[in-house]
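My notes follow in the order I looked things up.

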Amino acid sequence: MVNTFYGRIMFEKIVTIKNQLGLHARPAALLVKTAERFKSTIFLIRDDLEVNAKSIMGVMMLAAEMGSQFTIRAEGEDEKGAVEAVVSVIEDKFYEE
Amino acid sequence: MGEITVETFFKQNRRRLALELVAGQGGMDRKFTSAEIHRPGLALTGFVELYTFDRVQLLGNTEMLYLAELPEKKRRETLGMIFQFDLPCIIVTGNNPIPGGLTELADQQAIPLFKPRFATTKFTHLFSLYLDDIFAPRLTLHGSLVDVYGVGLLFTGRSSIGKSELALDLVERGHHLVADDVVIISRRSQGILMGKGNDILRHHLEIRGVGIVDVEKVFGVRAIRLQKRVQVEVELVDWDENMDYERTGIDDKVVSILDVEIPKVTIPIYPGKNITVIAEIIALNYLLRVSGHHPAKEFNKKLLELIKKRRRQEGVSFSE
């Protein structure tokens, strides 16, 4: 969905963590590497916590467990592709169980 | 801004404030959302027009003496004035005995009633410190916070520009890491910005190509700090020849974080540039300014004097 935040246009989607172990180090690294392929600024937002999707420490800090939900928001020239790519890596359970 | 349950408040302050839960256990899930404390003196007399009942209610010596002097029946009526509201909790300070009716009402309405060991003034002071911290405006920033010569430097800039490497380099030189990657800043009273890290990350940082580094384990407890006042923002930017960078430092640039203005320095970087030394200079310059020196302005003053002197010596020969 397209949203505006402080007048800026951006793209965001809500995802649910589907792999058993949640967002631990390996999946976090995969997520960050996916995010880094894009120029847009990408954020993961959980409750009042907003972290940069290109920072592994930030992503791990979410300590997101299986079933937890958060928003992926991107802002920039390739924002749509960025959100879709991050969403798909999460939906694919980071290629683990 | 947030809210806190009476339960959490009790758990976190039970020992610090020597709190005793006297009555009203049923209302421990009540919440309060204000950092203010209210003494319901006027409300007890029946004036409830502007009664801020949603704040923590404090009954000190004055209120307790007033209640103690009332006859039993009148006292219940008086207490009823405040108990008709949805109070978060009531605190009775000092050595005041709890008058008949108060505990019963607290139990009945499920409004927790606490008795700390401290006198009113001392309690109010300690409690305010806690409330200020809980309700302080907060912000999470992407950056690193390092204590350099006692000055809290907040490094910001795009992802992978080298903030963590800089933090590590500074730690190696004896400075202290407060937080890397995620810095939680809260505004304390009198415009002080306090920064700390996230509890899960706890002084771990990521270095590209190496992975996760535990700074506390590698460098020891001397290398870290749990929190530090944020005093200068240092923004790292990619070198861009079309950009205008500060050359004299005469005009101070500031940035506003949570409505508090702090000095901001923008440092262009390129491979091989020693930013660590620059960071130390920024901290030392800040210390000089705090103690009343402004290197750039003082240098310029000397320069202006010299120019004036030369002009006088040469006479005003050149056209004005």
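**Entry 1: a helix pair in chain A**

I am working with a predicted model. I began with helix α1 (residues 25-36) of chain A and helix α3 (residues 79-91) of chain A, which pack at an angle of about 160° with their axes 9 Å apart. Angles over 145 degrees count as roughly antiparallel, so α1(A) is roughly antiparallel to α3(A). I noted the crossing of α1(A) and α3(A) as right-handed.

Next I asked which residues make the contact. From α1(A) I listed L30(A), L31(A), T34(A) and A35(A). From α3(A) I listed A85(A), V86(A), V89(A) and I90(A). Sorted by class, the contact of α1(A) with α3(A) has 7 nonpolar residues, 1 polar residue and no charged ones.

**Entry 2: the sheet in chain B**

I moved to chain B and traced an open sheet of 8 strands. I wrote its order down as β14-β11-β10-β8-β9-β15-β17-β16, with mixed pairing. Which strands are at the edges? They are β14 (227-229) and β16 (254-257) of chain B, and each pairs on one side only. From one strand to the next, the twist averages 40°.

I then picked out one parallel pair. Strand β9 (residues 151-156) of chain B is joined to strand β15 (residues 232-238) of chain B by 4 bridges. Within that pair, I found V232(B) of β15(B) as the bridge partner of L153(B).

I also looked for a helix on this sheet. Helix α9 (residues 275-290) of chain B lies across β8 (138-148), β9, β15 and β17 (260-269) of chain B. Helix α9 runs at about 135° to β9(B).

Strands β16(B) and β17(B) run antiparallel, and 4 bridges join them. V255(B) stands opposite I262(B) in β17(B). The two strands β16(B) and β17(B) form a hairpin with 2 residues between them. In the turn, L258(B) has a positive phi of about 50°.

Which residues of β16(B) are on the covered face, and which on the uncovered one? I found V255(B) and I257(B) on the covered face, with V254(B) and S256(B) on the uncovered one. In a regular strand, side chains alternate between the two faces of the sheet.

**Entry 3: one residue, F135(B)**

Last, I checked F135(B), which is in helix α6 (residues 120-135) of chain B. Is F135(B) buried or exposed? Buried means under 20% relative accessible area, and F135(B) has 4%, so F135(B) counts as buried. I also noted S34(B), 101 residues from F135(B) along the chain. The C-alpha atoms of F135(B) and S34(B) are separated by 7.2 Å.

Note on methods. Residues are numbered from 1 along each chain as its sequence is written. Chains are lettered from A and ligands numbered from 1 in the order in which they are written. This is a predicted model: local features need pLDDT of at least 70, side-chain atom pairs count only at pLDDT 80 or more; totals for chains, interfaces and linings use all residues. Side-chain values use heavy atoms; hydrogens and water are left out. Buried means under 20% relative accessible area, exposed over 50%, partly exposed in between (1.4 Å probe, protein chains only). Two strands pair if DSSP finds at least two bridges between them. Axes are lines fitted to C-alpha atoms, for helices over the stretch in contact, and angles run from 0 to 180 degrees between N-to-C directions. Contact means heavy atoms within 4.5 Å. Angles under 35 degrees count as roughly parallel, over 145 as roughly antiparallel, 65 to 115 as roughly perpendicular and the rest as oblique. A crossing is left-handed if the near helix is turned anticlockwise from the far one by less than a right angle, and right-handed if clockwise. Ala, Val, Leu, Ile, Met, Phe, Trp, Tyr, Cys and Pro count as nonpolar, Asp, Glu, Lys and Arg as charged, and the others, Gly among them, as polar.
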